[in-house]
Amino acid sequence: MTLIGPGGAGKTRLSQEAAETVGEAAPDGVWLAELAPVDDPDDVPEAVLTALGARETRLRGAGAEELRAAAERHADDPLVRLTEHCARRRMLLILDNCEHVVDAAARLAERLLAHCPGLTILATSREPLGVPGESLRPVEPLPEPFALRLLADRGQAARPGFRVDDDARAAAEICLRLDGLPLAIELAAARLRMLTPRQIADRLDDRFRLLTNGARTVLPRQQTLRAVVDWSWDLLDAAERAVLRRLSVFAGGCDLAAAEAVCATDVTDAMDVMDVADIPELLGSLVDKSLVVAAPSARGDVMRYRLLETVSEYAAQRLDEAGERTAAERAHLTHFRELARVTDPELRGHGQREAIAALETEYENLRTALRRAVAARDEQEALCLVLSLSWFWLMRDLRTEARHWSREVTALGPDPFVEPVTPVAPLYERCTDTPPPLRPEVLEEARRGVHLVELSCMDMDPEAWQTPQAEAKLRAIRDTYRAGLPQTCRNPGTLWFYAVLMTGDFRRLRAIVDETVETCRALGYTWELAGSLQWRANILANRTDWAGDAGRDADESLEIFTRLGDTWGMAEALASRGEAHERRGAYLRAAEDFEAAIAYAESLGAKAQVSLLTARLGAALVEAGAAERGEALLRRVADKGGSRVHQALPAARIYLIGLLGRTGRVPEARAQLELLREEFTSIGFAVFDGTVLATQAWLDTVDGRHEDALARAREALEKASDPLSVMVAPQLLAIHLGTMARALASAHPDRGREAARMLAVADLRLPPGHVPSALEREIRDAAEHAARAVLGDAAYAAAYAEGDGLTWEEAVAAAGL
């Protein structure tokens, strides 16, 4: 059996354990031959003879005539003498540290095993011996509990009283970043004489300078961390060294195709060119030498290769010494830019799951490629990467990444949205259809596209978009495009819609939506047609005053996405159809669609999408009368707290607050509202801010705090009158007026007439066909009850009639508010 691994205490410990196990079946003893000091491979047999104490042997026993004859012919051959010594013994021979004399050790083992039936050999090496019958036992890095125990033991020896629990986080970081390598941990423990665990952990970026001064009694190659890795490096040939140092440019490992692309690159004379066909064999050799770790990918379809952090840092230094960093990083960037570019279209069809998995597997490499492109100010490569990853970021709720990288890349080139602008011409080519270099018109569209990606993340930093400069940019974006352009039908050009929305140009919105659908049909953009139909279904579901059929659009979108095999799109189309049912009061049908959408989203592992759909399902079930189940679902989302469910969390809390307040649990409702305020203190958009204020005003009316309710409802009304709020949620004005009318009639009975007028204005503000929710009905009914209670039915009816024709501002002003 051969124990293969990076060396040091790990192999020694396992060899001792194996010796203890095998030793019981070796009555002639367990013998250790330490080969590390042996410099000349020809000296291996003599070193083993010395370890066995058998430099002088005596031929004995029957059947030894052949060996005696051989000994007479080779009287000075130590291998013959060694074979004679072991031939009739039942013993265990440990050959420790064979890697630098592996060929000689292999010849010796093969000869002994062929002639010594009672002999068992246990070898430790950084690569297999390659002899018949060899059984390999890889020595993995120490798992965390054992690594921490080793650090504790050696740390106490270096500094009496040391305990890893005194700074458990730093101790765990040391063990993790040293890859669980026993010798490296021992060297780190020796530093505890002068440094704290946190100081050691913080200095591990320069580990080869830090981890020196090991025990004087060990071999020189084990006294510093650099010496340990130097020992392995010196055993490699030139090609192996080239592959190892070039592998250091990867982040999170790589597959064979990536290794071939980078390690056999010929993009510059700075690197020695290797035949790509040689890379698999060289990788295999490095795996055998325990310098590269090979393991199946998460999907199990390919092997992935990675360097331990210690080896990676060492190889990176060797890469710099060889002058190959620029070329290797360029090859890495090119490979992963192409991976992102050709994988992006697969996110929109039957290969969606595989495409997501591929991008997730290589995400650290993709981020590293982006970082290097930005650092090198390579605008075109960076543009291609951001635009190729933008849809993936959306699907995986990586909006922080989208915002960060789009900002970084927009800074690399000129701003294409500077007033005055020139409207763009139709462009049928996608910015990612071909790799860089891009044609001038494609480059300009790519620059615009990255700015649109940044715009789509505006809710993460709303204040930045509310300055005069930002407002001018929004106008420029709005005026650059028009409906019917090929680029406004495709991502990221579709994000132009946000600028139209934010500049309040609502008269154009309906025409833009309709023309986008028709342009997609005319140009044969099938996936884009499904997306634009789903988009229109969402808008029509909320704007019941607009002509159109949200359910029909959602059905067609669902059919197309299903045909294309786009599971994400199927979930989104079902959600839009569920919302259309919800707005018509068909809550059970809405719940069915939301449940089906959740199943699709779960199959993709789309956690943020699942959370938002779960919140929508919970709300629909509450409206349908299944309040207990609905509340449980809302709590499931709300209990995730500040996790990455940005859209889902506030929605779930708002729905939950409404249910709690309606069912007499006002204190808990207020607690949920406070959590919402803490988690989302800087949304900065009127729709959200107005909803929070109005919710608190309603809870105030439930608690009888009517003066507080009046002040908050008045502020909420101002926000609900914002053009964006009117566009997105036209019913909000009516809801807030109802809350104000109830508070007014309750706090000031002499203003009951003004409250009734206000309620009439609220009813008239509701969009045609709007079906109120349970909370809306309760607010409306409570307001009418309060007004009737102070006026009487006849006076209420008269005052209500007076509200016809008033604006909400006039009704509020008449009440003196």
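Strand β4, residues 119–125, is largely enclosed by the rest of the structure, because six of its seven residues are buried. The model is predicted.

**Strand β4 and its partner**
- Strand β3, residues 91–96, pairs with β4 in the parallel sense.
- Five bridges make up the pairing of β3 and β4.
- Opposite M91 stands L119 of β4.
- In a regular strand, side chains alternate between the two faces of the sheet.

**Packing of helices α16 and α19**
- Helix α16 covers residues 325–343 and helix α19 covers residues 379–395.
- The axes of α16 and α19 lie 9 Å apart, and the two helices pack at an angle of about 35°.
- The crossing in which α16 passes α19 is left-handed.
- On the α16 side, the contact is made by R330, L333, F336, R337, A340 and R341.
- On the α19 side, E381, C384, L385, S388 and L389 take part.
- By residue class, the contact of α16 with α19 comprises six nonpolar, four charged and one polar.

**The chain as a whole**
- The protein chain has 817 residues, of which 53% count as buried.
- Counting contacts between residues at least 6 apart in sequence, 70% join residues at least 24 apart.

Technical notes. Residues numbered from 1 in each chain as written. Predicted model: local features only at pLDDT ≥ 70, side-chain atom pairs only at ≥ 80, totals over all residues. Heavy atoms only, no water. Buried < 20%, exposed > 50% of the residue type's maximum accessible area, 1.4 Å probe, protein only. Contact = heavy atoms within 4.5 Å. Axes fitted to C-alpha atoms, helices over the stretch in contact; angles between N-to-C directions. Helix = DSSP H or I, 4+ residues; strand = E, 2+ residues; numbered from the N terminus. Left-handed = near helix turned anticlockwise from the far one by under 90°. Nonpolar A, V, L, I, M, F, W, Y, C, P; charged D, E, K, R; others polar. Pairing = 2+ DSSP bridges.
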